[in-house]
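User: Please help me read this structure through a few questions and answers.

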Amino acid sequence: MDNIQPADRKLITFSQLQQGTNKVSRLFRISKETGKLYTAQELDAESLCRHGVECFRIVKIAVRQAETFMKILKMKVTIKDVNDHQPEFPVEVVNIQFSEDDGKGVRRFIPSAIDKDSGDLNSQIMYRLVKGKDEPFSLSVSESVDGISDLSIVLQERLNREVQDAYTVQVVAEDGGSPPKQSTLDVHVTVTDVNDNPPIFSQNVYNVSVNYESDEVTPVTIVSAMDYDSKKNGKISYRFGDRTSESAKSQFEIDEKTGEIFLRKKFSSSLQKTKFKLYVRATDNGNPALSSTAKVLVNIINEHNNAPTIDVNFVSSSSRNVTTIREDVEVGSFIAYVMVTDDDVGRNGAVACDLQHEKFQLQSLGVKEYKLIVKNTIDRETEQYHDVTIDCQDKGSPPLHGRIEFTIRVIDVNDVRPKFFKELFKFSVYENQKSNSFVGRVNVTDPDLGPGGKLFFTLLSNETFILPFQISNTGEISTVMSLDYEFQNIYRFQVLVTDNGTPPLNNTANVIVEVRDVNDNVPHFTFPSVNPFTMDVTYYPRHTNKITILKAADGDSRENAFLRYQIEAGDDKQLFAINHYTGLLSFSREVTQQDARTHLLQLVVKDSGDPVLTATTNLSIILTVSNQSSETGDTIPGTKDNKIHVYLLIVIVLVAVTVAVPVTAAMSICVIRCKIRINSPLSDKSDASEKCVSEHKHLMCHAHMETYWPHTPLARTASSNIAQKSSMLEPRRRTSSGDSILRGHRRRSSSTGSRFQCTKEAIYEVSMNLLKYLSGFLG
């Protein structure tokens with residue numbers, strides 16, 4: 001057009017060429033003068049083009065100058081789609097069904113929407129599901145081969161028709177145009193029923209009370225059950241279950257449709273039962289049929305209130321209301337189950353129980369149920385049997401009581417040591433008894449029973465020697481040999497007692513057995529030690545009347561060794577007397593020349609035992625009466641005085657020599673023999689030092705003599721051999737009067753002391769007699 005002259009442009013025209021059909025020519029028109037192309041009608045892409053294909057038309061324009069064709073122009077006109085159609089569902093509402101048996105993932109198909117727009121975006125449809133929060137559905141969209149979506153409602157979980165039997169959800173279809181357009185589809189979901197619910201009773205246990213006077217017309221009670229299933233699945237029928245007793249079925253009947261329970265007949269006056277149990281079964285008509293059971297407790301109410309009854313079931317075995325528990329049972333231990341029965345209703349059937357006991361108590365386990373437990377420590381030795389009483393009382397008016405009594409016996413365990421009555425037992429037994437002689441009994445108590453109370457005894461001693469005793473299982477101590485007081489007079493040991501329990505328990509006690517002396521030793525004379533014995537006695541007037549001291553010994557002790565002396569025969573003139581306790585023999589009256597002769601005395605020593613034992617000896621006394629009472633005269637006084645002084649000097653020298661030699665010899669002999677006696681205390685030989693014999697006067701000193709008689713005349717024997725024999729003493733012998741009763745270990749020390757005393761007495765006696773002799777000689 002730019003190359004055409006402006007004058008020629010007015011000659012140029014435009015026209016649309018016809019193209020076979022008139023469809024295109026009807027769609028557009030062109031301005032003849034200007035060449036502008038216009039639509040001839042409203043364009044509809046959905047009718048002009050196919051879906052999914054580019055929508056255009058080719059318009060051919062002829063350019064003429066006058067009548068001549070200058071050029072043919074081909075113009076492509078693209079028709080652009082606009083979103084003028086909304087997606088449309090074939091129906092507005094669709095109904096689908098799910099069964100209660102359908103599980104997760106089950107789907108139901110629904111119709112999809114169609115959008116008539118031809119553009120890709122305008123015809124593109126998106127779907128979404130509009131539902132409630134807890135509705136178990138989802139929307140599934142899948143593309144088919146023809147480009148149309150397939151829609152389905154998918155079940156997310158199993159449905160329960162009894163909870164909700166219908167749902168309504170919406171499916172929204174929205175295209176991709178701008179602005180987008182949408183439409184909705186209402187989906188009604190119905191849940192179809194299956195028989196998945198059994199009948200449910202309004203209560204599991206029906207507790208009803210019926211008077212004896214009730215009739216058959218009035219229902220006892222009505223049981224009702226509910227089934228959430230529909231139609232025949234929810235239709236219920238009632239009947240008695242198999243566990244209902246025949247006696248209950250004969251007394252009651254039930255209406256199968258209504259669940260009413262009636263009496264078949266009135267209660268008999270002899271009816272003992274106060275309670276019936278009815279088991280009612282409710283069954284639906286589903287396939288398969290479902291059922292459930294309820295229990296009906298029918299309490300028969302009498303006009304009178306009934307007292308509660310008590311049943312006790314012990315953990316351990318029992319008989320005749322006596323049960324047993326161990327002594328070492330722990331506090332809190334379960335002993336028995338206590339159940340109380342009171343079939344009354346209301347306050348008449350409300351029961352409270354009580355137990356007043358120091359060792360046991362009741363603890364509640366529930367209504368009318370208790371357990372009996374140990375409250376405090378049990379001690380069989382304190383109390384073996386416990387009487388228990390349980391009292392129960394209902395709350396009726398007036399209240400009625402129930403009581404049960406039983407005994408709990410405590411079984412012993414070995415928990416107590418044997419116990420002696422005292423810690424020290426002292427017994428005494430006489431010597432010389434036969435073996436198996438009864439000594440005494442140690443008293444022991446052990447309150448345990450059975451093996452725990454069976455005792456065994458044993459003797460224990462720290463001494464090296466064997467005890468001469470034995471003990472029985474009853475605690476009796478006896479000898480196994482004859483005892484000797486003189487050997488040992490006291491025994492000390494222990495008694496061990498052990499029971500036979502598990503573990504065994506024991507105890508000890510001290511025992512002292514004192515051996516009592518019996519008069520089994522006959523006294524014997526130690527001076528004179530030979531029988532018969534002869535001694536010379538010279539009587540001096542105005543001098544002492546004492547002659548000698550008789551000595552005797554007795555191996556016994558106490559009264560059995562208490563000696564008495566007496567003259568049995570030979571003293572017809574009543575010249576002699578003897579001290580019964582000291583053995584001192586003396587003249588009983590003044591001695592005359594007519595008494596000077598040989599006197600044969602029979603002497604007896606007796607102990608004080610029972611029976612009295614005696615010893616006899618014969619003493620021959622050759623009595624000489626001295627008569628030196630006048631003095632001899634001298635005609636020459638001077639000569640007389642000189643002679644007296646010479647004689648006095650001679651006498652003093654002789655006396656000094658005479659005294660020094662025997663005293664020194666006697667002391668030496670006594671010391672040597674005392675040492676020998678100390679080293680050999682059990683020697684049975686006599687100690688010669690126990691008697692000291694003067695060379696001329698034969699003075700005798702007994703080892704056991706405790707009293708010295710300084711004025712006793714010295715006894716002279718016929719020969720020195722007899723004098724030596726008369727000085728012998730047997731060991732372990734005791735003196736008569738004047739000696740203390742010596743025991744045990746004191747004998748040896750006493751004998752040693754007596755020997756030293758003997759030496760002193762001998763010296764003292766010689767000195768005194770010498771002084772008397774000198775005084776008489778010089779006077």
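User: In which strand does glutamine 363 lie?
Analyst: The model is predicted: local features need pLDDT of at least 70, side-chain atom pairs count only at pLDDT 80 or more, and totals for chains, interfaces and linings use all residues. Residues are numbered from 1 along each chain as its sequence is written, and side-chain values use heavy atoms, without hydrogens and water. Strands are DSSP runs of E with at least two residues, numbered from the N terminus. Glutamine 363 belongs to residues 360-366, which form strand 27.

User: Is glutamine 363 buried, partly exposed or exposed?
Analyst: Buried means under 20% relative accessible area and exposed over 50%, with partly exposed in between (1.4 Å probe, protein chains only). Because its relative accessibility is 33%, glutamine 363 counts as partly exposed.

User: Which residues does glutamine 363 touch, not counting those up to four places away in sequence?
Analyst: Contact means heavy atoms within 4.5 Å. The C-alpha atoms of glutamine 363 and isoleucine 373 are separated by 7.4 Å. With residues up to four places away in sequence left out, glutamine 363 touches Glu369, Tyr370, Lys371 and Ile373.

User: What is the order of the 4 strands in the open sheet?
Analyst: Two strands pair if DSSP finds at least two bridges between them. Strand 6 (93-99) and strand 8 (125-130) are the edge strands, each pairing on one side only. The pairing is mixed, and the order is 6-12-11-8.

User: Which residue in strand 12 is the bridge partner of valine 172?
Analyst: Strand 11 (residues 166-175) and strand 12 (residues 182-192) pair in the antiparallel sense over 9 bridges. In strand 12, valine 172 has as its bridge partner threonine 184.
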